[in-house]
Amino acid sequence: MTSRTTGPRSTTGLRFTKGHGTHNDFVLVADTRGDLELTPEQVRTLADRRGGIGGDGVIRLAPTAAIARAGEAVADQVLAEEPAAIWFMDYRNADGSVAEMCGNGVRVFTAFAESLGLVDLDTTELALGTRAGVKRVRKETGPDGVPWYAVDLGPWRLPGGAEAAAAGADAAVAVRGWAAPRPALSVDLGNPHTVVALGSTDELARIDLTQAPQVAPPPPHGTNVELVVPLEETTSGAETAGRVRMRVHERGVGETQSCGTGAVAAALAVRTWAAAGGRAPVDTWFVEVPGGLLRVRVLTDGHAELAGPAQLVFSGETTLV
Ligand SMILES: N[C@@H](CCC[C@H](N)C(=O)O)C(=O)O
């Protein structure tokens, strides 16, 4: 792969790869020297589905040291915590805004880094720098026999604390067409989420997410909103797994076919509601999203793990930016 020595720009354009994780899709750029500056306008152009390549986000693979040199203190913290985290996921939403974390993006980033020969997930795990700290990714065989990537997303948090956990809510969400706002729970995965429960999969299918849901109180930095329907638990051997179906409206994007951190937030919210109702917590969850299936595990160290597929679809060069 020539990009390792020549950078992402060739004489004819910017090299990119298109990839997705359960149809949450990204434009990926290998900036292995860390000297590519992408403006919000350029990100919007690349992500544009009609005038550009198209994607829910743009991911720049860059050296963590270069992000630190550019003045992002979080990159210094990443290297202090884990010197092996030499690669950084610089994630931008389709509207050009910067986001702290993208769970599906981490998996697709890892498949991209593998394709560039920067990491061998068959023999090791990847310690990846992100704006939400170091994330560790390993590879496994998924239920469909294709490779899945499992990422430890680190500690999760209910911003509303024990009070919100007991009440099951610390916010309210209004969606276009609803007569009144409904109670919702805030969940922090490094990026912000607000989760609302719906009564049926029919209602979920009918919801109009062409406009952003209104959240009260308004989160200071915006939020991703997940609409979830708890489904039947399944038991296989000694393990019981929860199951939910979800749709999501992503901050900085709109409705997407999947959101990895959103899937984790959805599972954690349903688990919190079950605990508030006196039920024993389930630690493995399958989350059905419009683009496929994701697995969430609540780990014993207070961390949460997300697993699912990642696919690279095509590569090319663009003169758009
Ligand atoms: N699709 C992502 C989340 C991307 C960032 C999000 N839109 C935000 O602004 O927080 C995922 O898979 O987690």
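This is a predicted model: local features need pLDDT of at least 70, side-chain atom pairs count only at pLDDT 80 or more; totals for chains, interfaces and linings use all residues.
1. The ligand is surrounded by 18 residues, and the closest of them are A99, N104, N191, G260 and T261. A residue is near a molecule if its C-beta atom, placed from the backbone, lies within 6 Å of it. Helix 5 and helix 8 (260-276) are the elements that give two or more residues to this shell. Helices (H or I, at least four residues) and strands (E, at least two) are DSSP runs, numbered from the N terminus.

2. Residues are numbered from 1 along each chain, following its sequence as written.

3. By class, the shell around the ligand has four nonpolar, twelve polar and two charged residues. Here Ala, Val, Leu, Ile, Met, Phe, Trp, Tyr, Cys and Pro count as nonpolar, Asp, Glu, Lys and Arg as charged, and the others, Gly among them, as polar.

4. Which domains make up the protein? The assignment gives domain 1 (3-155 + 310-315) and domain 2 (161-299); such bounds come from an automatic or database domain assignment. The centres of domain 1 and domain 2, taken over C-alpha atoms, are 25 Å apart. Both domains give residues to the shell around the ligand, so the ligand lies between them.

5. Where the domains meet, 20 residues of domain 1 are in contact with 18 residues of domain 2. Two residues are in contact if their C-beta atoms, placed from the backbone, lie within 7 Å. On the side of domain 1 that touches domain 2, the elements giving two or more residues are helix 5 (103-115) and strand 7 (147-155). That side of domain 1 holds six nonpolar, eleven polar and three charged residues.

6. The UniProt record, an unreviewed entry, places the feature "active site" at C102 and C259. Positions from UniProt are given in the numbering used here, feature names are shortened, and annotations may be inferred rather than shown by experiment.

7. Is C102 buried or exposed? C102 counts as buried because it has 29 C-beta neighbours inside 10 Å. A residue is buried if 20 or more other C-beta atoms lie within 10 Å of its own, exposed if 12 or fewer, and partly exposed in between, with C-beta atoms placed from the backbone. C102 sits in the loop between strand 4 (87-93) and helix 5. Leaving aside neighbours within four places in sequence, C102 is in contact with G57, Y91, G260 and T261.

8. C259 is found in the loop between strand 14 (254-256) and helix 8. C259 is also buried, with 35 other C-beta atoms within 10 Å. Not counting residues up to four places away in sequence, C259 touches N24, N104, N224, V248 and E250.

9. The largest nonpolar core has 82 residues, and those touching the most other members are L61, V228, A263, V264, A266, A267 and V287. A nonpolar core is a set of buried Ala, Val, Leu, Ile, Met, Phe, Trp, Tyr and Cys residues joined through C-beta atoms within 7 Å. Helix 8 supplies the largest share of this core, eight residues. Domain 1 and domain 2 both give residues to this core, so the core lies between them. In soluble globular proteins, nonpolar side chains tend to be buried together.

10. Beyond its neighbours within four places in sequence, L61 is in contact with L28, V29, A30, D31, W87, F109, F112 and A113. V29 is buried, with 25 other C-beta atoms within 10 Å. Outside four places in sequence, V29 touches P8, L14, F16, L36, R60 and L61.

11. Two partly exposed residues complete the note. P183 lies in strand 9 (residues 182-188) and is partly exposed, with 13 other C-beta atoms within 10 Å. Leaving aside neighbours within four places in sequence, P183 is in contact with G168, A169 and A172. G13 lies in the loop between helix 1 (3-6) and strand 1 (14-21), and G13 is partly exposed, with 14 other C-beta atoms within 10 Å. Not counting residues up to four places away in sequence, G13 touches E317, T318 and T319.
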